[in-house]
Amino acid sequence: MNPANRLLLGGFLTLAVVMGVGRFLYTPLLPLMQRDYGFGPDIAGIIAAANFAGYLAGSILASFVPAGPARRRALQLGLVASVTTTIGMGLTDDLPAWLVLRGISGLASAFAMIAAAGMIAEALARIGAEARLGWVFGGVGTGIAVSGLLVHTASPALDASGLWIAAGLACLPLVPVIIAEVRDRQLPALSRAPDPRRRVPRPLPFWPLLVNYTCEGLGYSVFATFIVAIVKSRPGLEDMGDWVWIMAGLAGLPSCLVWSRIAERIGFAAALACAYVAQILGVMLPVLSGSAPAALLAALLFGGTFMAITVLTMPLGRHGLGGRGFAVLTAGFGLGQMLGPLVAGFLVAGDADYNVALAASASVLGLGLVALLVAVRLRPSPA
């Protein structure tokens, strides 16, 4: 395998471990944890918010880690901490311990993802192959699909704690592979000529884009936290919950590559707006219909957009605020995704139901789409 493919495989596995499993395994396990431990949606939202709070803190701290040996150590530490905290979730039933573990897990996933993506993006940029970074983000979808399949197949034999441990142990052999492959590399230059039809991202005004991306964090996180629990709570759909999450992961696998190609044809802002429309429809479908096809289509639309929205947004705003745009956008997104499940959990624990929570999150995504359109309208015309 050539050096570029080895580096991409290492990044793919990194995101599968720390994001697909470490960060999102909680979603398919949530109904089993509620069954085994008896907590309600308010506690479920608090546990999810602890993970997202850790991710917010980790993404801010990781932006100060310099390139070179320090960044590689951040990757290694994040990987080990992610797998360790996943296993640790199965070794206790204490809520404060869970909050600490999920917070550390979020911190670890941010460190590992940002370190790996940074090393890979820089190596690809030096040879003009930035578009290949989309392969790395496919690891998130793969990790989601595999973890959903693990829960579906092993839940008759294992309880929630056993599944946490099994998932962590399954990731353990991948850690040395990732550490060996993901590092600063000089890749061989590509020989192909650039595509003259390829559109490049034109930066958008920063502040409406920040509003847009913060809304995305809040709106997507409700679906990403509760969708399996929602589907499993509906009569006749009890067996569909895991498959909905598997479908979301499979849709996420090629999504960044697909949307990047679309953006290169119609423009990044136009592609981003289309992705928002698809995601809003996906979030609203379980509200509009309680059927199995609607649940699967919702998973397809959601899984096919939530990572791609990040990949499309960052080139449009990363140069804002004197080069600090990436960090500030990530902080806004992190704040939004921390608040989403927290607010939704307390709503559902009160007088509302999951339909209200999903409709509210779709409304927030709609607000984000409006902010995006405002940013496009305010963008100066090209010289």
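Trainee: Why is Asp184 called partly exposed?

Mentor: Its relative accessible area is 38%. The scale calls a residue buried under 20%, exposed over 50% and partly exposed in between, using a 1.4 Å probe and protein chains only. Asp184 has 38%, so it counts as partly exposed. Do keep in mind that this is a predicted model: local features need pLDDT of at least 70, side-chain atom pairs count only at pLDDT 80 or more, and totals for chains, interfaces and linings use all residues. Residues are numbered from 1 along each chain as its sequence is written, and side-chain values use heavy atoms, with hydrogens and water left out.

Trainee: What makes the contact of Asp184 and Arg71 a salt bridge?

Mentor: A salt bridge needs a side-chain nitrogen of Lys or Arg within 4 Å of a carboxyl oxygen of Asp or Glu. For Asp184 and Arg71 the N to O distance is 3.0 Å, so the pair qualifies. Helices here are DSSP runs of H or I with at least four residues, strands are E runs with at least two, and both are numbered from the N terminus.

Trainee: Why would such side chains pair at all?

Mentor: Side chains of opposite charge can pair when their charged atoms come close.

Trainee: How do you know that Arg71 also forms a salt bridge with Glu122?

Mentor: The closest N and O atoms of Arg71 and Glu122 are 2.8 Å apart, so they meet the salt-bridge limit. Arg71 is in helix H4 (residues 69–89) and Glu122 in helix H5 (residues 95–125), so this pair ties together parts 51 residues apart in sequence. Arg71 is buried, with a relative accessible area of 8%, while Glu122, with 35%, is partly exposed.

Trainee: How many salt bridges does that rule give?

Mentor: The count comes to six. One of the salt bridges joins Lys232 and Asp242, with 3.2 Å from N to O. Here Lys232 sits in helix H9 and Asp242 in helix H10 (residues 241–252), ten residues apart. Asp242 has 5% relative accessibility, so it counts as buried. There is also a network of salt bridges linking Arg6, Glu181 and Arg185.

Trainee: Let's turn to rings. How many aromatic pairs are there, and what makes Tyr220 and Phe306 a stacked one?

Mentor: Rings of Phe, Tyr and Trp (its six-membered ring) pair if their centres lie within 6.5 Å; planes under 30 degrees apart are stacked, over 60 edge-to-face, and the rest tilted. The rule gives twelve aromatic pairs. Tyr220 and Phe306 lie 5.8 Å centre to centre with 5° between the planes, so they are a stacked pair. Tyr220 in helix H9 (residues 206–232) and Phe306 in helix H14 (residues 306–317) are 86 residues apart, so the pair links distant parts of the chain. Both Tyr220 and Phe306 are buried. Ring pairs also build a cluster whose members include Phe24, Tyr213, Tyr220 and Phe306.

Trainee: What makes Arg23 sit over the ring of Tyr55?

Mentor: The test asks for NZ of Lys or CZ of Arg within 6 Å of the ring centre and within 35 degrees of the ring normal. The charged end of Arg23 is 4.1 Å from the centre of the Tyr55 ring and counts as sitting over it.

Trainee: How do you know that Val140 is buried?

Mentor: Val140 has a relative accessible area of 3%, so it falls in the buried class. Val140 belongs to helix H6 (residues 133–154). Leaving out residues up to four places away in sequence, Val140 touches residues including Leu15, Phe24 and Phe306, where contact means heavy atoms within 4.5 Å.
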